[in-house]
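Please keep the sequence and the coordinates at hand while reading.

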Amino acid sequence: MNFAVSSWLLLGSFVGCALMFSVALLLLNRLPEAPTRTAAKPAPDVPLVMSSPEPGNSVLRRQLAQAGFHHPKTVRWFLYAKIGLAIAGLLASLVLIRLVPTLRDLGPVPRIGFQMIMAVLGYFVPVMFVDRRRAAWLKRIELALPDALDFMLICVEAGQSTDVAVMRVADELAPVHPELSAGFVTLTESLAAGASRQEAWLKLAQDMENDDLRQLATIIMQSSNMGTPVAQTLRVFSADLRDQRIRRIEERANILPTKMTLGTMMFTVPPLLILLLAPAIYRIIDSF
C-alpha cells in the first residue's frame, strides 16, 4: 500500500514538473527578441564566413524544417510531443506493471527504473524521428548538388549571370530534386527582396548544412569580389566534387569485404567443418 502511494506521488510530481516545464517553454517562446543594431554604413563585400551561433530556438526550427515540418508553431508542438510522449511512456509503464505478472513481481527500485526508462524512451521518440528524416533530407541534398552544378555551369557558359543561372537551375531541378530547388528559390527571392549576395548565400549555406554547398557559396563570393570567371571556377569545383563522390564510393567498396568477413566465416566455415569432420566422427562412433 505504501509503495502504491509512493508510485502515485512519483507520477503526480512528474506530471507537475512536466506542466511547469511546458509553461516555462511557452513563456520563453513569447519573450520579445532583442533588437539588433544596424550599422551606420554597409560593410564591404568579404569572403563568405559563418556568422555567430544561432539561438537554440532557431537551430531547432531549422532542423525541423529540414525534416519537413514548416509550420510556424512546429517548435512548440515538437516540445509538446516530447513531453506528452514521456508522460505516455510513464503511464504505459504503470499499466504494464499492473498487467504483466513478471513486472508485477519486481521490487520497488526495478519498478521505478522501468518507469523512468519508459519515460525517457517516450521523450526521445520524436527526436529520433526528426533525426531520421533530417538524415534522409541531407542525403538528398548531397546527391542533388552535382546535377545543380552542371546546370549552373551550362547556364553561365551560355552568357547568363550567376543570379539568373540560379533561378534557371531552381526551375529545372524542381521535378527531380525539390529540396535543393526550394533552397535556390529562397535564394533568388532573398536577392529580389534586396538582400546582399553574401547574406543570401550565407543563409542558403546555413539552412542546407552541406559542406559542399558552403564551399560553392564561398567560391562564388570570391569570384564575384575578385572578378575571376565564374564558369571556370564552377567547372573545376564540379569536377572536384565528382571526384570526391567517386572516392567515397570506392571507400565504401573497399570496406565491404571487411564487413563480409564475419558473415563469410559464420556461414561458410561451420558447414565446411561439418562436411570434413562428419565422416571421421561417424567412423569413430561406429567403431565403439
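What percentage of the 288 residues of the chain count as buried? In this predicted model, 28% of the 288 residues fall into the buried class.

## Overall make-up

The chain contains ten helices and zero strands, and, when read along the sequence, its pattern is accordingly α-α-α-α-α-α-α-α-α-α.

## Helix α6 and its surroundings

Helix α6, which covers residues 162-173 and thus has twelve residues, reaches 16 Å from its first C-alpha to its last, a value close to the 16 Å expected at 1.5 Å a residue. The buried residues in α6 are T162, A165, V166, V169, A170 and L173. Because they cover an arc of only 140° around the axis, these residues are on the same side of α6.

What do the buried residues of α6 pack against? Their partners are α5 (108-157), α7 (178-192), α8 (197-208), α9 (211-226) and α10 (230-287).

The loop between α5 and α6 holds G159, which counts as exposed because its relative accessibility is 66%, above the 50% cut-off for that class. Between the C-alpha atoms of G159 and A231 the separation is 9.6 Å, although the two residues are 72 residues apart along the chain.

## Helix α8 and the residue after it

For α8, the twelve residues should span 16 Å at 1.5 Å a residue, and the end C-alpha atoms are 17 Å apart, so the two values agree. The buried residues of α8 are Q198, A200, W201, L202, L204, A205, Q206 and M208.

Helix α8 is followed by E209, which lies in the loop between α8 and α9. The phi of E209 is positive, at about 55°, although E209 is not a glycine. Is E209 buried, partly exposed or exposed? With a relative accessibility of 27%, E209 counts as partly exposed, because that class lies between the 20% and 50% cut-offs.

## The largest pocket

The largest pocket has a volume of about 610 Å³. Its lining is made up of 29 residues, of which R62, A65, H70, K203 and D207 are the closest to the centre of the pocket.

Which helices each supply at least two residues of the lining of the largest pocket? They are α2 (56-66), α5, α7 and α8, and it is α7 that gives the most, with seven residues.

## V75 in helix α3

V75 has its place in helix α3, which runs over residues 74-99. With a relative accessible area of 4%, V75 is buried, because the cut-off for that class is under 20%. The C-alpha atom of V75 is separated by 9.6 Å from that of R62, and the two residues are 13 residues apart along the chain; R62 is also one of the residues closest to the centre of the largest pocket.

Key:
Residues are numbered from 1 along each chain as its sequence is written. This is a predicted model: local features need pLDDT of at least 70, side-chain atom pairs count only at pLDDT 80 or more; totals for chains, interfaces and linings use all residues. Side-chain values use heavy atoms; hydrogens and water are left out. Helices (H or I, at least four residues) and strands (E, at least two) are DSSP runs, numbered from the N terminus. The expected span of a helix is 1.5 Å times one less than its number of residues. Buried means under 20% relative accessible area, exposed over 50%, partly exposed in between (1.4 Å probe, protein chains only). The arc is that of the directions from the helix axis to the C-beta atoms. Contact means heavy atoms within 4.5 Å. On a 1 Å grid over the protein atoms alone, a cavity is a set of points where a 1.4 Å probe fits but cannot get out, and a pocket is an open set with protein on both sides within 12 Å along at least five of seven lines; lining residues have an atom within 4 Å of a point. Grid points are joined across faces, edges and corners, and a volume is the space filled by probe spheres set on the points.
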